[in-house]
Amino acid sequence: MTRPEDERLGLFANLAYGMQHILTMYGGIVAVPLIVGQAAGMSPADIGLLITASLFAGGVATILQTMGLPFFGCQLPLVQGVSFAGVATMIAISGTGGIEAVFGAVILASLMGLLITPVFSRITRFFPPLVAGIVITTIGLTLMPVAGGWAMGGDRNAADFGSQANVLLAGVTLVIVLLLSKVGNAAISRLSILLALVIGTAIAYAAGMTDFSRVSDGPVFALPKIFEFGYPTFGVAATISMFIVILVTLVETSADIFAVGEIVGTKVDSRRLGDGLRADMLSSMLAPFVGSFTQSAFAQNVGLVAVTGIRSRYVVATGGLILIALGLLPIMGRVVAAIPSPVLGGAGIVLFGTVAASGIRTLSRVDYVNNMNLIIVATSIGFGTIPIVIPQFYHHFPAWVETIFHSGISSSAIMAITLNLLFNHLKLGNSDQPSVFGAASERTIRYADIAQLEEGDYFANGKLYNADGKEVPLAGSGGH
């Protein structure tokens, strides 16, 4: 049978839906090279090259992940790009060794990650709908502050950050998405995000809230150069720090692969997960050669798959080609960069909220009767929400602790997997009396009580009798 992700929609649909994916994640993919480049003291021109390189590397990584090679690529609609998980670590490394040390650490740590992917690829049985639903829900919750920041203007240092005009523009974009989604035409409804971004940008241009004058600045075409910023340098401490980031990336990518598999409705086994993780690590290892950083799946695009219902991996592969074109044609990147952040924020509210809703829908299929699944969900989502609402929660902990748990996605994934193992796989020590969290509304009987029954025992009129018809006294009932 044809897999849902193998659906072919035609060139125009691939281009339209592929561009929708790129517009959704463009702000995220350029943020990392922008932040790291500024922290490393690079010139604006060099930071521009970092951004171009990240677009190119993300496009190559996306095509590898969606189309696949033997042993590489999960062949699912996942958009790849620069991972935000390593920003703090890369800033710290650049402060002591420069951007060259960052590239060296990424190369070695990604190689180490590539070598350990067989371990991660064997955890599929530990990702039942219980764990997958928790992670999907937390992905949506984690991304909501991103949407809020975009809606307020994107740049927290800007004078108009959080202004009424910015929030109003985001609200208008949100309304446009909702109205277009209600249209009976299927094509318009599925393209509601893209059309809302275009209309929202046009409104912003008319209101003087965006500027296309700098689109012509700089070259039209540019090829990425190998080691444009010098040869990488390698250090033990930097590599170890980055390897912790790689472990977090592996956890998050695993969660994204299972999440999109759940949304698409296709099977994700250990072989497919391993292929996806290997593609992630290979892309991350090669990205520094052209001037980029660690690569991972973009969670916001998982939400876009859920919103549009477009499950074809060829759509996302087309998006990868668009990313490569943006990397080779800086002028195209400057056009996309002119889309105001509030417009992205208005669309992001729908996108990221849909991710959380998809997770809730998955959790609705979980059995909560006479087990500890409810407390697993409660604890894992609560634990994953902490770094979302209080980002500085782990600031006084060792750097490696903050690196792992500052991400709500990795926090909830680690907690969900651990608690699922503890309560649903390691039966040793489990009581036959469920806790208050696991108690069901219907009647329950302890295993110890059942073990006391003998052959021929029977109940009649609320009393227990043995095979000879003699009444068996019930403890705690006054002899009956």
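Select A460 and look across to strand 4, where its bridge partner is K463. Before going on, know that this is a predicted model: local features need pLDDT of at least 70, side-chain atom pairs count only at pLDDT 80 or more, and totals for chains, interfaces and linings use all residues. Residues are numbered from 1 along each chain as its sequence is written, and side-chain values use heavy atoms, with hydrogens and water left out.

Now show strand 4 (residues 463-465) with strand 3: three bridges join them, and they run antiparallel. Helices and strands here are DSSP runs numbered from the N terminus, with at least four residues of H or I for a helix and at least two of E for a strand. Two strands pair if DSSP finds at least two bridges between them.

**Stop two: colour by confidence**

Switch to pLDDT, the predictor's confidence in each residue, from 0 to 100. The protein averages 84, and 93% of the residues score at least 70. Confidence is lowest in helix 17 (residues 447-451), at a mean of 69, and highest in helix 9, at 94.

**Stop three: helix 8 and helix 9**

Select residues 236-264 (helix 8) and 270-290 (helix 9): their axes come within 10 Å and cross at roughly 135 degrees. Axes are lines fitted to C-alpha atoms, for helices over the stretch in contact, and angles run from 0 to 180 degrees between N-to-C directions. The two helices are therefore oblique to each other; angles under 35 degrees count as roughly parallel, over 145 as roughly antiparallel, 65 to 115 as roughly perpendicular and the rest as oblique.

Ala, Val, Leu, Ile, Met, Phe, Trp, Tyr, Cys and Pro count as nonpolar, Asp, Glu, Lys and Arg as charged, and the others, Gly among them, as polar.

**Stop four: helix 10 and helix 13**

Next, select residues 299-308 and 341-363. The axes of helix 10 and helix 13 come within 8 Å and cross at roughly 80 degrees. That makes helix 10 roughly perpendicular to helix 13. Their contact divides into nine nonpolar, four polar and no charged residues. Among them are V302 and L304 in helix 10, and F352 and V355 in helix 13.

F71 is not a glycine, yet has a positive phi of about 75 degrees. Q75, also not a glycine, has a positive phi of about 55 degrees. Most residues other than glycine have a negative phi.

Definitions and conventions
Contact means heavy atoms within 4.5 Å.
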